[in-house]
Structures are given as structure tokens and as C-alpha cells.
Amino acid sequence: MKRIAPLGLRTRLIAAFLLVAAISAVTTATLTYQQARTAVLKQSQDTAVSTLRDQMETQPLDLPLTQAQLQRIVTELGKRGKPNPWNVFGEYGTLRASSTSAPTSTVVTEELRRKVAAHPHGAFQRVTDTAGRPYLAVGMPAVWLHNETREPTGLVVYATMPLATEGKTVDAMVEAAKRGAVPGLAIAVIPALLAARSVLRPVRDMRLAAQRLGLGRLDTRIEVRGSDELAGLARTFNETAGALEQSVAELREAEARARRFASDVSHELRTPLAGMLAVTEVLDEDAEHFDPDTAAALRLVSAETGKLAVLVEDLMEISRFDARAAELNLDDVDIAEAVRKSLERRHWDDERVHTDLPSQVRARLDSRRFDVVLANLVGNALRHGGAPVRVSVRTQPRPDGARLRIEVADSGPGIAPEVLPHIFDRFFKADAARTRSAGSGLGLAITLENVRLHGGTLTAANGPAGGALFTLDMPLEAQA
Amino acid sequence: MTRTRPWSTARPRTPARRRTAAAATAALLLGAVVLTGCGIKPTGVIESGAAGKVVVPGPGTKGTVYFVTADGRLFPVPDRDQPSRSAAAILVKLLMGPDEEARAAGLETRLPPLDIKKQGASAGTSMLSDDTVGVGLPFKVGTLSEVARRQLVCTIASTEPGYKVVLLGPDADVGPARCDF
């Protein structure tokens with residue numbers, strides 16, 4: 001079975017209304033029509049039968065009838081047809097007479113003749129002639145009172161009457177029924193539209209509200225009208241939205257508290273750490289004066305203190321991102337120059353890093369943050385991947401402004417597929433066994449935040465040659 | 001704007017089918033009601049009231065001879081000039097057969113032809129009991145048709161209403177029988 005195309009609620013409601021209206025209108029019209037038709041026909045039939053009987057009873061019969069007498073009777077009866085003019089046919093033995101030119105009628109059926117002969121009662125039959133016009137045929141046998149019993153005299157009179165007048169009346173009733181039903185259906189559209197509107201408006205409101213809720217506007221509420229099922233639904237929607245808003249607010253607050261805590265802790269750690277760093281540097285320089293065991297311990301403390309200082313700096317940086325306090329300090333820089341300086345500063349300008357830099361390309365960006373990004377990406381590649389690391393910088397013209405595209409590829413084993421989705425997560429360790437690494441665990445997270453601040457994207461993938469491939473894509477002209 | 005899925009795809013098919021069936025039933029019903037028709041439809045033969053009761057003029061209705069038509073229906077012919085008060089007189093009238101006028105209307109008799117001069121004397125009636133009339137006939141009555149017997153019984157009974165009639169022939173006696181219509 002082919003499925004019918006889905007129809008809107010409005011269409012369905014209107015169709016249902018119209019169907020109900022049509023059924024009731026047609027049923028009422030039909031029943032009324034049938035009653036009226038039956039009444040009209042019954043009236044005509046009863047009048048015809050009783051008129052024929054009454055008129056026959058005024059005619060004295062001199063039995064046995066002669067042709068002349070039979071003719072006189074039918075001529076007499078044929079004059080006074082009621083309710084319409086009729087033709088009268090008389091039959092007595094083999095004698096036949098009629099009030100018209102034809103001696104017998106084509107409308108009187110053998111069935112009617114048999115019935116009247118077998119059982120002397122008045123009878124009628126509605127028939128149609130060859131042209132389909134309706135006729136009424138009435139058969140009336142004549143009886144006489146003989147020795148207290150009614151005996152048939154043998155005379156039967158038939159009257160045939162066209163029902164043209166009744167047909168017109170009946171047709172007029174059909175026409176009237178049609179004229180009544182069609183405006184009725186048209187009027188039914190109005191309550192259908194009103195009902196559809198009353199149902200559809202809350203539904204539309206609710207759809208819009210759900211859309212707004214989905215877009216994050218959790219304060220969206222629906223106006224509750226009336227007290228029907230739709231109003232109940234709206235109330236439930238409002239309660240749900242309220243509960244959702246409250247939960248989200250609580251979550252946000254908890255998250256903000258946690259971030260504030262991390263930020264406060266890093267701030268508090270910074271001052272003592274600065275002192276410790278100064279002390280460990282001094283001790284580091286004097287290490288050779290101590291015995292070897294103490295010197296090794298001193299160097300360990302110094303190294304770990306340095307890492308702690310980096311971690312605290314990184315934590316403070318990411319806290320600034322979380323607090324949306326990070327700002328761009330935009331400069332016009334030469335990209336090739338900036339990359340080269342960044343690598344030189346970390347002594348990566350040897351064979352381990354290959355660069356492919358365009359000349360004379362100027363970009364507008366925060367040079368400090370760009371340095372952090374590049375250092376993190378290349379440092380990460382050297383640490384987890386392997387030399388040589390290729391850094392290529394290109395620009396791409398786009399309708400909405402030129403883009404800066406930097407690819408950093410290493411020659412390592414690549415990133416495991418299950419790790420890829422989490423590579424930018426904070427403190428994510430690719431190898432669970434290696435709990436202590438050289439980095440703080442925040443490097444890539446800070447890199448990503450910096451790129452985002454510039455309005456760009458950073459993606460990690462595995463290159464065609466097998467190594468990890470980080471692709472940075474950001475506008476050549478960043479907006480503050 | 002997102003378009004919601006129509007509910008019918010989310011629900012099992014049975015309710016949809018049931019709905020279709022209900023709609024079809026409603027449509028059929030509606031169609032049937034409408035089709036019972038416009039216009040005037042033919043009918044069978046419908047009886048309506050009594051037959052017309054006519055007056056048959058004449059000195060009396062006693063003494064009525066019954067003849068028959070080809071299809072076996074009895075037609076009464078009252079003896080209008082000289083009402084035959086006696087059963088024997090009316091019997092003779094019956095045995096003489098229909099006159100010119102009656103024959104013109106297609107009336108006939110199913111009784112055997114009779115030579116009144118030779119056989120008339122052997123025809124006669126007699127009371128067999130309080131309510132039974134015997135009719136002596138000069139021909140065999142055992143072989144008479146049902147219509148012929150009714151002719152005899154009704155003609156005799158018209159002079160003695162309510163009497164039973166026994167037909168007495170040279171071969172057998174038939175009856176008693178009443179005349180009923």
C-alpha cells in the first residue's frame with residue numbers, strides 16, 4: 001500500500017470537520033428527502049386508489065356487461081382522474097374498453113392483473129414506461145354484495161397515471177437538499193479553521209519555545225492560556241525549562257568556583273615559588289662545592305622547582321582563558337621572521353627542524369601568543385614525535401579574508417586513533433604509564449585556546465607519511 | 001525550521017489501517033444512503049384497500065347463474081327478468097348455457113351440452129336435509145371438472161344461501177360442497 005503523503009494538522013482537522021459535516025448534512029438531507037418523497041408518493045397513490053374506488057362505486061353494473069356498457073363506464077371514470085388526469089382501461093371477460101384510443105395499457109403488468117384477479121382488493125404498482133417516465137397503475141376489481149358476501153363481478157378497472165408532477169416535486173426536493181448541504185459545508189469550514197487555530201497556536205508557540213531553548217536561551221517560557229490539555233503541556237514545558245535553567249546555573253556556578261580556586265591557588269603559589277627559584281639557582285651554581293650526593297639532590301630540587309614554576313605559569317594562563325580575561329595584543333609581523341625567531345630562541349634552528357617559509361608575508365597577530373603556539377607545537381613534536389620536524393607556512397586567499405595555514409609534521413609513529421579525540425584535553429596523558437612527562441600537561445590546551453583567541457582552528461591528525469600532523473588555520477588579519 | 005515527523009510513521013500500522021477501514025465504512029454507508037436514490041423508483045404490486053363495491057340493479061339477487069371465462073374464473077349473471085326463486089328453475093337456466101349477451105363477453109360453461117327437451121325432465125332438486133340440497137343431473141358428475149362443479153354448486157346455492165349442495169349423477173354422488181369465493 002502506498003503511503004499517503006503526511007498532511008498538516010490544520011488540513012487534517014479541517015478534513016475531519018468537513019467529513020463530519022458532510023456525513024450529517026447528507027444523512028439529514030437524504031432521510032428528509034426520503035420521508036418527503038414517500039409522503040408525496042403515498043398521498044398521490046392513496047388519492048388515486050380511493051378516487052378510482054369511489055367513482056367506480058357510483059356506476060351501476062348490469063351483468064353481464066356489454067361492450068357498450070363497459071365503454072360507457074370507462075369513459076365516465078376517465079373524466080375524473082385525481083390527483084392527475086388518468087387513462088382508464090376496463091376488462092370484463094374478453095371485453096376490453098379504454099378511455100383512450102388504445103384498448104389496453106402498456107403500463108399495466110401481468111403481475112398486477114394476476115394479483116387483482118386472485119384477491120379482489122384494490123392494488124397499485126409504480127412502473128416506468130419504455131422511456132423511463134414513472135407511472136402509477138391502479139387496479140380496482142368490482143365486487144357486489146350477493147347473499148351477504150362480496151363476490152367479484154368479473155369487472156376490473158385499471159387506471160394509469162403519469163407521476164410527472166410528483167417527479168418534479170421530488171427533483172425539487174433533491175435540488176433543495178443540495179442547496180442546503182453545500183452552504184452548510186462551506187460554513188463548517190469556519191469552525192474548523194477556528195478549532196485548528198486554537199490547537200495550532202499553542203503548538204506553534206511550543207515549537208518556537210523549544211527552538212529557543214535549544215539555542216541556549218534557558219529563560220524561555222510559554223504563556224499558559226486556558227486549562228485544557230495543551231495548557232497542561234505548556235505548564236509542564238515551563239516547569240521543565242525552569243528545572244533545566246536551575247540545573248545549568250548551578251553547574252556553571254560550580255565550574256566557576258573550581259576555576260577561581262585553581263586561579264587563586266596558582267597566584268598564591270607564584271610568590272613562594274619565585275623565592276624558591278632564586279634560591280635553587282644560587283644553590284645550583286654552587287653545587288660543585290658540595291659532595292656528589294648532595295649536589296645530585298640539589299639539581300633534582302632545582303629541576304623540579306623549575307617544572308613547578310612552569311606548571312603554575314601554565315595554570316595561570318589557562319585560568320585567564322577560562323575567566324575570559326585573555327586579550328590579544330595585535331602587531332604587524334613578518335610571519336617568516338616570527339617563526340625563525342621563535343625557533344632560534346629555543347635553539348631549534350639546527351637539523352632537527354626543517355622550515356618552509358614564504359617571504360614577505362605580513363600578518364596581524366599577537367606575537368607573544370603566536371610564539372607560545374609555535375613553541376608548543378614544535379616542542380611537542382620533538383618530544384613525543386621525533387626529528388626531523390617540518391614546519392610549513394602558507395597563505396590561502398578566501399572570500400572572507402586570507403587565511404594563514406601552518407602545518408607542523410613530525411617523523412614519529414603518529415597518534416593512536418583512540419587518543420586523537422582527547423589530544424587537546426587538559427592533563428591528558430597519551431600513555432597512562434608515563435605519568436611524569438617533561439611538559440605541564442597543559443601545553444596543547446593552552447595552544448588551542450590561543451589559536452581560538454585568534455579566531456582560528458587547530459586540528460590533529462596523522463600525516464600520509466605516518467607522523468603526527470597538526471594543522472593550524474587562522475585569519476591572516478586577526479580581529480581583537 | 002525543523003519539520004516534525006508525521007505521527008503515523010512513528011506508530012504501528014494497525015491504528016492507521018483501522019482508521020482507513022472506518023473511513024471506508026463511513027464512505028460506503030454514505031454512498032448507500034445516497035444511492036437509495038433520487039427520483040421515483042418502480043415497485044412491486046401493493047394492495048391498497050378494499051375492492052369497489054358496485055350496485056347490480058335488478059329485482060333481486062336471488063337466482064344467479066355462474067358462467068366462466070377461459071381462465072376458469074366464475075362470472076355471475078343474475079336472472080334479472082324473472083328471478084328464479086326455485087333451485088330447479090335456476091338449474092335449468094344454467095344447463096341451457098350462456099345467452100347471446102354473455103357469449104359476447106367471452107363467458108362460457110364447462111358443463112356438458114344438454115338437450116333440454118329430452119333430458120330436462122331428469123334434472124331436478126330435492127332437499128336432502130335441513131341445510132343440504134340434492135341436485136339430480138342427467139350426466140356423469142364424477143368426471144366433471146372442478147370449475148364445472150363450482151358452477152353448479154354456486155348457482156344452486158344462490159337460491160338457498162348458506163346451503164350445502166350434493167350433486168347426484170347417474171354414476172356417483174359428489175359433495176356436499178359450499179359455494180365460496
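This is a predicted model: local features need pLDDT of at least 70, side-chain atom pairs count only at pLDDT 80 or more; totals for chains, interfaces and linings use all residues.
Residues are numbered from 1 along each chain as its sequence is written, and chains are lettered from A in the order in which they are written. Local features need pLDDT of at least 70 and side-chain atom pairs count only at pLDDT 80 or more, whereas totals for chains, interfaces and linings use all residues.

In the interface, 57 residues of chain A are in contact with 42 residues of chain B, a contact being a pair of residues whose C-beta atoms, placed from the backbone, lie within 7 Å. On the side of chain A that touches chain B, helix H1 (9-57) gives the most, with eleven residues. Helices (H or I, at least four residues) and strands (E, at least two) are DSSP runs, numbered from the N terminus. By class, this side of chain A has 30 nonpolar, 18 polar and nine charged residues; Ala, Val, Leu, Ile, Met, Phe, Trp, Tyr, Cys and Pro count as nonpolar, Asp, Glu, Lys and Arg as charged, and the others, Gly among them, as polar. Strand E3 of chain A runs antiparallel to strand E1 (residues 46-50) of chain B, and three bridges join them. Pairing requires that DSSP finds at least two bridges between two strands.

The largest nonpolar core holds 75 residues, and A:Ala137, A:Val138, A:Val157, A:Ala159, B:Val135, B:Ile156 and B:Val165 touch the most other members. A nonpolar core is a set of buried Ala, Val, Leu, Ile, Met, Phe, Trp, Tyr and Cys residues joined through C-beta atoms within 7 Å. A residue is buried if 20 or more other C-beta atoms lie within 10 Å of its own, exposed if 12 or fewer, and partly exposed in between, with C-beta atoms placed from the backbone. Strand E4 (residues 134-146) of chain A gives the most to this core, with eight residues. Beyond its neighbours within four places in sequence, B:Ile156 is in contact with B:Ala87, B:Leu91, B:Thr125, B:Val133, B:Val135 and B:Val165.

Helix H3 (residues 87-96) of chain B contains the buried residues B:Ala87, B:Ile90, B:Leu91, B:Leu94 and B:Leu95. Seen down the axis of H3(B), its buried residues fall within an arc of 140 degrees, so they line one face of the helix; the arc is that of the directions from the helix axis to the C-beta atoms. Just after H3(B), B:Gly97 takes a positive phi of about 90 degrees.

Note on methods
Two residues are in contact if their C-beta atoms, placed from the backbone, lie within 7 Å.
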